[in-house]
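Subject: Structure handover

Hello,

I am passing on the structure we spoke about.

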Amino acid sequence: MTLKTRRFLFYTLTFLFVVAAAGVVFYSSGFRIDFKNQIITETGGIYIKSEPSSIQITLNGKPIKNDTGIFRSGTLIDNLTPGGYVVTVSKDNFYNWQKNASVEPGAVSVFDSIVLVPENGAQKIGEAIDNFYLQNGKFVFKKNGALTFEGSSVVGDSIVNFTKSGSIISYSDKTKSYHLSNIFDLDTSLNLNVIFNNLKEARLNLPGVVPIVKIEPYPFNDRRFVIMTGRALYTIDTEKLEIEQVDSQANDFVVADNNIFWVNSDGVFRYNLLFKTASTISSLEDLNISSVVELKADDSGNNLALLTGNSELIMLDVKTKGTSLVSKASGNFEFGPDGKLLAFVENGSTIRIYRITEDSRTKKLYTLFTLPGTLVDSIAWYGGGSYVFVKDSSKNLRFIEIDDKLPINAALISGGVADFVYDREEKALYFNTPSGLWKLGL
């Protein structure tokens with residue numbers, strides 16, 4: 001072989017090595033050649049994490065290895081050319097989860113809140129009842145119009161509040177009175193209407209018996225209560241036998257953090273339970289509304305949701321006093337556990353989500369689900385706020401995903417549901433049907 005030939009081979013092989021090495025670096029860095037469009041593009045990925053974790057994954061119908069294990073909490077599908085994909089997550093005897101995923105150059109589309117619902121996975125744990133209430137794993141049942149706890153009678157016809165310490169606020173249709181009981185001593189019960197009216201007359205010199213319209217316990221002391229009558233708002237202490245009038249008129253109130261928020265014909269107000277100081281948040285004139293029929297707050301008390309007499313749903317920032325019109329035809333509405341999402345019903349059957357954000361560029365409002373031929377009866381949040389439970393007027397209970405990317409996954413848990421409760425600590429859903437009381441782990 002001549003020197004010229006050897007030099008040619010050397011330079012050729014060197015060139016090919018450099019090209020190959022560059023190609024490896026190019027490929028490993030996530031770049032691809034799009035021969036169709038004759039451009040170089042950067043790849044992206046899709047990240048999948050679900051409960052349960054032992055799942056099957058397909059991408060555009062092709063199986064993908066599930067990498068979830070001891071050292072990995074999910075599966076990253078990388079080196080994907082930009083574009084649209086259909087991701088399906090499945091498991092035997094569970095409802096499938098599916099999503100249209102968009103892959104962008106150099107980015108990963110994350111789906112880390114996937115929850116698969118067992119098909120026919122609920123276990124019967126009790127016989128048929130009228131209704132039930134649950135707190136810390138303890139049940140109060142209503143059957144044949146009577147309330148019972150572990151076989152013992154609870155005064156009243158319905159439960160208004162059931163605290164973690166075991167205190168129960170019940171209401172009697174017969175006497176039109178609220179009662180305070182403790183599940184550990186059901187033989188002793190306090191008539192809150194009698195205590196309130198006696199304190200009102202003795203301490204405030206306000207004679208006359210007036211009915212209680214609404215009552216809520218303090219956030220840190222369930223022997224103290226916030227009470228609303230037809231015209232006024234009070235706090236009472238059933239232990240120290242103290243009473244204070246917060247306002248002489250109120251249409252609705254809510255207790256959040258260490259504050260009472262209430263509305264009347266003049267505006268929206270706040271009362272700090274620690275410092276016992278009242279302040280005005282906003283007038284109804286400034287809010288450009290004539291009346292408020294329902295008020296709710298997130299757990300922190302930073303955001304209020306107001307339902308007006310015209311069915312408008314308005315979000316009010318307590319700190320900045322800024323407002324946003326969420327809906328012009330709203331009904332039921334519930335804040336999410338983290339206070340950043342608000343689920344509400346529009347026109348009776350459409351469930352929508354409002355995302356509370358300071359970034360005006362972020363999409364705030366999107367439609368979640370429309371119930372076919374029926375109305376929404378109640379909404380409850382699941383876990384950290386990635387799903388909602390929805391019961392309709394036909395007594396169907398669904399588990400619906402919170403997402404603005406289609407399709408929205410919705411699983412029918414059961415029909416014939418009279419009532420339901422989700423226990424976040426136990427991660428279990430309880431619901432009663434004509435066939436009995438059921439439990440579903442989620």
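Predicted model: local features only at pLDDT ≥ 70, side-chain atom pairs only at ≥ 80, totals over all residues.

The protein chain has 442 residues, of which 44% count as buried. Its secondary structure consists of three helices and 41 strands. Among contacts in the chain with a separation of 6 or more, 41% are between residues 24 or more positions apart.

The largest pocket has a volume of about 2200 Å³. It is lined by 44 residues, and those closest to its centre are Gln135, Asn161, Phe162, Glu334 and Arg424. Strands that give two or more residues to this lining include E11 (131-135), E15 (158-162), E31 (330-335) and E39 (419-423). With five residues, E39 gives the most. By type, the lining divides into 21 nonpolar, 14 charged and nine polar residues.

Asn161, one of the residues closest to the pocket centre, is found in strand E15. Is Asn161 buried or exposed? Its relative accessible area is 18%, and the cut-off for buried is under 20%, so Asn161 counts as buried. The side chain of Asn161 makes a polar contact of 3.2 Å with the side chain of Glu216. Leaving aside neighbours within four places in sequence, Asn161 is in contact with Glu216 and Pro217, and also with Ser167, Ile168 and Ile169.

Next, the core. The largest nonpolar core has 33 residues, and Ile46, Ile48, Phe389, Phe399, Ile413, Leu429 and Leu442 have the most contacts inside it. Taking Ile413 as an example, and leaving aside neighbours within four places in sequence, its contacts include Phe389, Phe399, Leu429 and Leu442, as well as Val117 and Arg398.

Arg398 belongs to strand E37, which covers residues 397-401. This residue has a relative accessibility of 14%; buried means under 20%, and therefore Arg398 counts as buried. Which side chain does the side chain of Arg398 join in a polar contact of 3.0 Å? The partner is Asp392. Beyond neighbours within four places in sequence, the residues in contact with Arg398 include Phe369, Leu371, Pro372, Phe389, Asp392 and Ile413.

Regards

Conventions
Residues numbered from 1 in each chain as written. Heavy atoms only, no water. 1 Å grid on protein atoms, 1.4 Å probe; cavity = no way out; pocket = protein on both sides within 12 Å on 5 of 7 lines; lining within 4 Å. Points joined across faces, edges and corners; volume = space filled by probe spheres on them. Helix = DSSP H or I, 4+ residues; strand = E, 2+ residues; numbered from the N terminus. Nonpolar A, V, L, I, M, F, W, Y, C, P; charged D, E, K, R; others polar. Core = buried A, V, L, I, M, F, W, Y, C linked by side-chain atoms within 4.5 Å. Buried < 20%, exposed > 50% of the residue type's maximum accessible area, 1.4 Å probe, protein only. Contact = heavy atoms within 4.5 Å. Polar contact = N/O pair within 3.5 Å; in protein donor to acceptor, adjacent residues only side chain to side chain.
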